[in-house]
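Please look over the sequence and the structure shown here before reading the notes that go with them. The notes are arranged by topic, so that each can be compared with the picture in turn.

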Amino acid sequence: MTTKGKDQLYEGLYIISSQLSEEARGKVLKKITDAIEAEKGEIKNTIDMGRRKLAYEINGHREGHYYLVYFTLNTLKMAGQWKEYRLNEDLIRFMTTTADIVRENLDFKPLVAAEKEA
Amino acid sequence: MKTMRKRRRRQAKASRKPCPFKSAGFQDVDYKDTTTLQQFISERGKILPRRITGVSHQFQKKLTKAIKQARYVALLPFAEME
C-alpha cells in the first residue's frame with residue numbers, strides 16, 4: 001500500500017539564537033524556508049515576533065529571536081524537516097503545529113476587556 | 001447537625017461563574033497569547049484548577065494544551081522559583 005499524504009497548513013515557531021547578527025539570522029531563516037520550498041511546500045506568511053527573553057535557559061541561551069512561519073507541506077515530508085532542524089545548532093527550539101488559518105499579525109482579543117463588555 | 005444542614009444549603013445556592021472564554025466569545029486558545037494564558041497560571045507557574053477560575057471543561061482542555069505548548073517554546077515557565 002502506498003500513501004501519498006496530503007497538503008496541510010502548518011504553523012512553525014522557530015527560536016533562533018539572538019547572539020547571531022541580523023544577517024546570519026536571516027540566513028538561518030532562509031535555510032528553513034528554502035528546505036520547505038524544496039519539498040514543494042509553500043510559504044504563506046512569516047512573522048517576526050522579535051527578540052524575547054526565554055522563560056527558562058535553553059542550552060545556555062537566555063534570549064532568543066522568535067519567528068513564526070505559516071506554510072503548506074505534504075504531511076509525509078514533515079518528519080524530514082524536523083531531522084534537518086535538529087542538526088541546526090543556531091536553532092534553539094522549534095515547534096510545528098497544524099493550523100486552520102494564516103495569521104497576519106499577533107493581535108489577540110483581550111479577555112478582560114471582553115468580560116467587562118459582557 | 002444544624003450547621004451541617006446550613007452548610008449544605010449554602011453550597012447548593014452557590015452558582016458557577018460563567019466561563020470567561022465563552023462569555024468573551026473565544027473559539028480557541030492560542031499558545032502565543034501569553035497575556036491571556038498568564039491569567040490562568042499561579043505565581044509558581046502551575047495551571048490553576050477550573051474550580052477557581054470558572055473555566056468550562058471544554059476550554060480548560062484547550063487552555064491546558066496551550067499552556068503546555070507555550071512552556072515548550074519558553075514563552076511561559078515550567079516552574080517559577082520563589
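What follows is a short briefing on the two chains, their elements and the places where they touch.

This is a predicted model, and every value below was computed from it. Chain A has three helices and four strands, whereas chain B has five helices and zero strands. The two chains touch each other, with 17 residues of chain B and 15 residues of chain A taking part in the contact.

**The two chains in outline**

- Read from the N terminus, the elements of chain A follow one another as β-α-β-β-α-β-α, and its C-alpha atoms fill a box of roughly 55 × 40 × 25 Å when this is taken along the principal axes.
- Of the 118 residues in chain A, 18% count as buried, and 77% of its contacts with a separation of 6 or more are made by residues 24 or more positions apart.
- Chain B reads α-α-α-α-α along its sequence, and buried residues make up 27% of its 82 residues.
- Among the contacts in chain B between residues at least 6 apart in sequence, 72% join residues that are at least 24 apart.

**The sheet of chain A**

- Four strands of chain A form an open sheet in the order β2-β3-β1-β4, and their pairing is antiparallel.
- The edges of this sheet are β2 (42-58) and β4 (91-98) of chain A, each of which pairs on one side only, while the twist from one strand to the next averages 20°.

**Helix α1 of chain A**

- Just after α1(A), A:Lys40 takes a positive phi of about 65°.
- A:Arg25 lies in helix α1 of chain A, and it counts as partly exposed because it has 19 C-beta neighbours inside 10 Å, where 20 or more would be needed for a buried residue.
- Leaving aside neighbours within four places in sequence, A:Arg25 is in contact with A:Ile16, A:Leu20 and A:His65; the C-alpha atoms of A:Arg25 and A:Leu73, which are 48 residues apart along the chain, are separated by 23 Å.
- A:Leu29 lies in helix α1 of chain A as well, and with 19 C-beta neighbours inside 10 Å A:Leu29 counts as partly exposed.
- Not counting residues up to four places away in sequence, A:Leu29 touches A:Ile16 and A:Tyr67, whereas A:Leu29 and A:Tyr10, 19 residues apart in sequence, are 16 Å apart from C-alpha to C-alpha.

**Where the chains meet, and the nonpolar core**

- The contact between the chains takes 17 residues from chain B and 15 residues from chain A, and on the side of chain B that touches chain A, α2 (20-23) and α5 (57-72) each supply at least two residues.
- By class, that side of chain B has nine nonpolar, five polar and three charged residues.
- The largest nonpolar core has 31 residues, and those with the most contacts inside it are A:Tyr14, A:Ile15, B:Leu63, B:Ala66 and B:Ala70.
- Two or more residues of this core come from each of β1 (7-17), α1 (22-38), β3 and β4 of chain A, together with α5 of chain B.
- In soluble globular proteins, nonpolar side chains tend to be buried together.
- A:Ile15 is in contact with A:Gly64, A:Tyr66, A:Ile92, A:Arg93, B:Val73 and B:Ala74, once its neighbours within four places in sequence are left aside.

Definitions and conventions:
Residues are numbered from 1 along each chain as its sequence is written. Chains are lettered from A and ligands numbered from 1 in the order in which they are written. This is a predicted model: local features need pLDDT of at least 70, side-chain atom pairs count only at pLDDT 80 or more; totals for chains, interfaces and linings use all residues. A residue is buried if 20 or more other C-beta atoms lie within 10 Å of its own, exposed if 12 or fewer, and partly exposed in between; C-beta atoms are placed from the backbone. Two residues are in contact if their C-beta atoms, placed from the backbone, lie within 7 Å. Ala, Val, Leu, Ile, Met, Phe, Trp, Tyr, Cys and Pro count as nonpolar, Asp, Glu, Lys and Arg as charged, and the others, Gly among them, as polar. Two strands pair if DSSP finds at least two bridges between them. Axes are lines fitted to C-alpha atoms, for helices over the stretch in contact, and angles run from 0 to 180 degrees between N-to-C directions. A nonpolar core is a set of buried Ala, Val, Leu, Ile, Met, Phe, Trp, Tyr and Cys residues joined through C-beta atoms within 7 Å.
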